[in-house]
Amino acid sequence: MEDINSISSSQISYTLLDGEKSRPAPGRCCRTTTPIVISAVLLTILVPVYILTPRRYGGGTALTTAHDVPEQWVERAIYYSNRIGGPEVEIAKNPSSDYKLVCYYTFPSSSPDDLQPSDIDPLLCTHINVGFATVVNNTIFLNDNQSLIVRDVVALKRRNPDLKILLSVGGAGGTGGFPQMVLNHATRKSFIGSIDECVRNYSIDGVDLDWEFPNKEPSPDSKQKMHFTQLLAEIRAEIKRQQRYKFLLTVAVAAPRFIVDLAYDISYMSSYVDYVNVMTYDYHFYTELTPFTGLNAPLYPDGNETGYLATLNINYTVNYWTDNGMAPDKLVVGLPTYAHTFELYNLNNNGLMAPARGYGSSGHSGFANYPEVCAFLARDRVRREFVYGARSPYAFHEWDWISFDDEISLTFKAEFIKHQKLAGAMILSLNADDHQGRCGEKEVKMVKFPLTNRVKEIFNEN
């Protein structure tokens, strides 16, 4: 790993937590089938001490509508925030080869501020997942505008023939057609036929199934997890049958242990998929059941976290997936380019697990894209903290508290991926990164997609 003092973002002044004062700062709506009693128990432990603090109202909860991207993710984040796992486990050690940089690109609006296909660097990512298509009548559906966007993204391959373009199906809020589609062989066969059609018609390199999540809500299909596994097996059989139009099969999968246990037969999945994109973010997000601050995508548990809190991190999730049968060289770790925001309950309690009463003022519905993070950090008297144990920063100003990733934290996470010899990283998303190059100090040259570029830099180092 490079000298942390040489990282371009090392000019940022951080206060390091976990007793590391002298260390320099390094350069996806429905009810679940499992009860949420444990979350309630958690609150009985954590909240009373906060209720005793003075209730002072200030600031506001007005939301700014900067981008449409976050609205697609709120339900997943809320669902994640109320799930728990088990004890921490050791680090994975299995080998892998090349590093994938899988970048999600969500369909843009017509706004000039939204990322358009022509503004994507075709040399930045190894794979681009364009989303999200939906499942209608057991087949993949794209409207006319979405079809045009897919074709425009595929056109990037003219400048980089090695770039792989996949169509992502589902996404948070767009998975309603999956339960009916997986129900039997006939419906699954229709879906697989539509995959073949998309591969031929759009010249894409594969499909990414983003069902959030099998068994998430009550269903007449008591074997939904098995039926999803059967779908993957049947798609793999179709790929083997193909002579000319072979394609990649990937799946976006959950991070919290309880969702994983409900949704996936991991060891079988490993035999059928090319790789999985694990959504290792949204570990902490404001809800009425979790009214306290927390880090969006911590690498490790904070030194003060025990029990279930110590499972809400990338390291635990990676090891849970590999210990249960996913080949490490098929595991792609999700890294967010967006932040989570909170409105503090008390100005004098502003650390980790501080009481919160809503979303922060930046961004929308508790999400903020990276340029919005930069705008927040540029305010006067913003205090930044770096939780070295979790390898993640946060910042606060008056009533606003925000958990984000920057070039420093992503350096640690990309190095973790390399050290554990995993398949690579998944970026959510190109849209939320600083694709216009607005962030940075005045004297520093503005860089487009700085977060995604930082991960790429680490992967390219020897």
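Is Asp282 buried or exposed? At 0% relative accessibility, Asp282 counts as buried. The legends below take this residue and others in turn, in a predicted model.

**View 1. The whole chain, before the close-ups.** The chain has 462 residues, and 61% of them count as buried. Its secondary structure comes to twelve helices and 16 strands. The accessible surface is about 18,800 Å². Carbon and sulfur atoms account for 50% of that surface.

**View 2. Asp282, a residue with positive phi.** Asp282 sits in the loop between β8 (275-278) and α9 (314-323). Its phi is near 60°. That is a positive value in a residue other than glycine. Asp282 is counted as buried because its relative accessibility, 0%, falls under the 20% cut-off.

**View 3. Asn138, another residue with positive phi.** Asn138 belongs to the loop between β3 and β4 (139-141). Its phi is near 65°, again positive and again in a residue other than glycine. The relative accessibility of Asn138 is 17%. This is under 20%, so Asn138 also counts as buried.

**View 4. The cis peptide bond at Phe132.** The bond runs from Gly131 to Phe132. Its omega is near 5°. Phe132 is placed within a strand, β3 (residues 127-136).

**View 5. The cis peptide bond at Phe213.** Here the bond links Glu212 to Phe213, with omega near 0°. Phe213 is in a loop, the one between β6 (206-210) and α6 (224-241).

View 6. Strand β5 covers residues 164-170 and is mostly covered. Six of its seven residues are buried. Strands β3 and β5 run parallel and are joined by six bridges. In this pairing, Ile128 stands opposite Ile165 of β5. Strands β5 and β6 also run parallel, joined by five bridges. There, Val169 has Leu209 in β6 as its bridge partner.

**View 7. Ile128 in the largest nonpolar core.** Nonpolar side chains tend to be buried together in soluble globular proteins. In this model, the largest nonpolar core has 122 residues. Those with the most contacts inside it are Ile128, Phe191, Leu209, Ile235, Tyr264 and Trp321. Which residues are in contact with Ile128, leaving aside its neighbours within four places in sequence? They are Cys103, Tyr105, Ile120, Val153, Leu156, Leu163, Lys164, Ile165 and Leu166. A second core is separate and has eleven residues. Among them are Tyr286, Ala354, Ala356 and Tyr394.

**View 8. His435 and its surroundings.** His435 lies in the loop between β16 (424-428) and α12 (450-460). At 8% relative accessibility, under the 20% cut-off, His435 counts as buried. What does the side chain of His435 reach at 3.4 Å? It reaches the backbone oxygen of Asp113. Leaving aside neighbours within four places in sequence, Asp113 is also listed among the residues in contact with His435.

Key. Residues numbered from 1 in each chain as written. Predicted model: local features only at pLDDT ≥ 70, side-chain atom pairs only at ≥ 80, totals over all residues. Heavy atoms only, no water. Helix = DSSP H or I, 4+ residues; strand = E, 2+ residues; numbered from the N terminus. Buried < 20%, exposed > 50% of the residue type's maximum accessible area, 1.4 Å probe, protein only. Core = buried A, V, L, I, M, F, W, Y, C linked by side-chain atoms within 4.5 Å. Contact = heavy atoms within 4.5 Å. Polar contact = N/O pair within 3.5 Å; in protein donor to acceptor, adjacent residues only side chain to side chain. Areas by Shrake-Rupley, 256 points an atom, 1.4 Å probe, with all protein chains shown as cover. Pairing = 2+ DSSP bridges.
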